[in-house]
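Here is a short tour of one model. Keep the structure open as you read, and find each part as it is named.

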Amino acid sequence: MSTHVPAGYKWWTGGKSPYNVSYGKLMMWIFLLSDTFTFGALLISYGTIRVSQNYWPDPNHVFNAFPLMGHANLPLAFVSLMTFILIMSSVTMVLAVHEGHKRNRAGVEKWLLWTILGGSLFLSCQAWEWTHMITGSHSVLIDGKIQEIGATITQNPYGPVVPGMLDSHGHAVTMPGPVGFGGFFFGITGFHGFHVFSGVCLLVLAFFWTRGGRFDRLGHYEMIEKIGLYWHFVDLVWVFVFLCFYLI
Amino acid sequence: MSQHEHDHHTHAAAASPEITFEHEPAPNTKRIWKTFWILLCLTIAELALGLSHYAFDLHGWILLFLKGGMIILSLAKAVYIVSIFMHLGDEIRNMRLTILVPLLLFIWFILAFLWDGVAWRDLRNRYDKAPPTEQVQPHGEQRPGHLN
């Protein structure tokens with residue numbers, strides 16, 4: 001194509017947007033659509049490997065710990081708390097967007113701070129959960145010997161129980177589980193956690209921009225909306241991570 | 001607020017001149033909190049289903065049915081988040097379809113890959129032999145060219 005366009009031609013101001021959204025918001029949606037396929041590919045590859053195995057650990061037995069509760073068996077309790085924190089932070093985010101539409105700077109600041117708190121809490125929970133899984137010790141029968149291992153990307157202690165075998169503490173001994181478990185779990189929750197972390201960074205930036213009066217000078221709070229779209233997307237991905245790793 | 005004032009406010013709040021109309025600001029936060037309660041109830045229902053296969057020993061079709069239920073509940077949560085929190089439900093049809101139609105690829109994507117995973121398992125179960133656990137024959141008695 002050798003069509004000549006004047007330098008600096010503004011494509012997106014030639015009348016009206018056929019999508020009735022601004023350029024920035026449309027691009028955020030396109031990015032989120034591509035990110036949907038990235039997460040989709042990760043979760044579907046996990047599903048493929050999982051259904052190709054005869055045995056896969058039951059999430060109720062894997063995710064049953066809670067901070068400061070010792071060895072109490074509390075299946076899915078901690079991840080329910082994490083899910084609640086993320087839903088709550090989505091609500092505070094949409095409230096920040098709402099205040100932005102009313103151009104109420106104090107309201108935007110308040111709800112952004114709550115959202116930053118929610119995101120940071122979620123990340124802390126994830127750090128605890130990872131540490132617990134990696135450093136946990138489970139008695140596993142490897143090469144005919146009982147060994148104490150945690151869950152990492154190269155080993156999985158959550159295999160089938162060896163019938164009638166107990167370790168020195170009287171706990172059941174298991175076989176090693178399918179090795180793909182750790183790689184997919186840490187890979188996908190890690191990639192999601194990275195998104196949450198990026199979101200928190202954007203929210204902190206947005207908070208200081210708001211406080212500095214940037215959006216009042218611009219005359220609109222659309223940046224809060226765009227960051228809000230990203231934040232809700234992170235919550236949306238968690239819905240499916242929660243489904244695929246913790247529920248099914 | 002009179003209609004004229006409302007229009008003026010909406011116009012002033014538009015981020016860029018190409019926006020024909022803004023779907024916000026909503027008069028209050030009622031819809032946001034209603035959506036929050038719906039999401040919370042759906043999550044509790046999911047948890048109840050997830051824990052029920054821990055509490056009871058479920059197998060076969062019942063377990064599959066349960067998992068299907070959890071998938072439907074998750075999809076319902078996704079619809080509420082995208083439609084209300086991300087305001088896609090308030091956008092014009094053009095915009096909604098641009099985002100939603102490409103997602104149809106997931107139908108093929110999920111079916112094809114899970115089908116492949118199941119086929120892989122079946123092949124492995126049929127052709128992979130379990131590692132030998134009983135005593136193997138001494139070397140002298142093995143016929144050359146045979147690996148067993």
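This is a predicted model: local features need pLDDT of at least 70, side-chain atom pairs count only at pLDDT 80 or more; totals for chains, interfaces and linings use all residues.

In soluble globular proteins, nonpolar side chains tend to be buried together.

Now look at L243(A). Which residues does L243(A) contact, leaving aside neighbours within four places in sequence? They are I248(A), M70(B), I71(B) and S74(B).

**Where the chains meet**

The contact between the chains takes 47 residues from chain A and 50 residues from chain B. On the chain B side, α2 (30-55), α3 (60-85), α4 (93-100) and α5 (105-127) each supply at least two residues. The largest share of that side comes from α5(B), with 11 residues.

What kinds of residue make up the side of chain B that touches chain A? There are 32 nonpolar, 10 polar and eight charged residues. The table sets them beside another contact, which is described next.

| α3(A) with α4(A) | 16 residues | seven residues | two residues |

**Two helices of chain A**

Helix α3 of chain A spans residues 77-101, and helix α4 of chain A spans residues 105-135. Their axes come within 8 Å and cross at roughly 160 degrees. Angles over 145 degrees count as roughly antiparallel. Therefore α3(A) and α4(A) are roughly antiparallel to each other. Their crossing is left-handed.

**A residue in α5**

Next, find T210(A) in helix α5 of chain A, residues 180-211. Is T210(A) buried or exposed? T210(A) counts as buried, because 23 C-beta neighbours lie inside 10 Å. The cut-off for buried is 20 or more.

Not counting residues up to four places away in sequence, T210(A) touches R105(A), V108(A), E109(A), L112(A) and F215(A). Compare that with H195(A). T210(A) and H195(A) are 15 residues apart in sequence, and their C-alpha atoms are 22 Å apart in space.

How values were computed
Residues are numbered from 1 along each chain as its sequence is written. Chains are lettered from A and ligands numbered from 1 in the order in which they are written. Two residues are in contact if their C-beta atoms, placed from the backbone, lie within 7 Å. Helices (H or I, at least four residues) and strands (E, at least two) are DSSP runs, numbered from the N terminus. Ala, Val, Leu, Ile, Met, Phe, Trp, Tyr, Cys and Pro count as nonpolar, Asp, Glu, Lys and Arg as charged, and the others, Gly among them, as polar. Axes are lines fitted to C-alpha atoms, for helices over the stretch in contact, and angles run from 0 to 180 degrees between N-to-C directions. Angles under 35 degrees count as roughly parallel, over 145 as roughly antiparallel, 65 to 115 as roughly perpendicular and the rest as oblique. A crossing is left-handed if the near helix is turned anticlockwise from the far one by less than a right angle, and right-handed if clockwise. A residue is buried if 20 or more other C-beta atoms lie within 10 Å of its own, exposed if 12 or fewer, and partly exposed in between; C-beta atoms are placed from the backbone.
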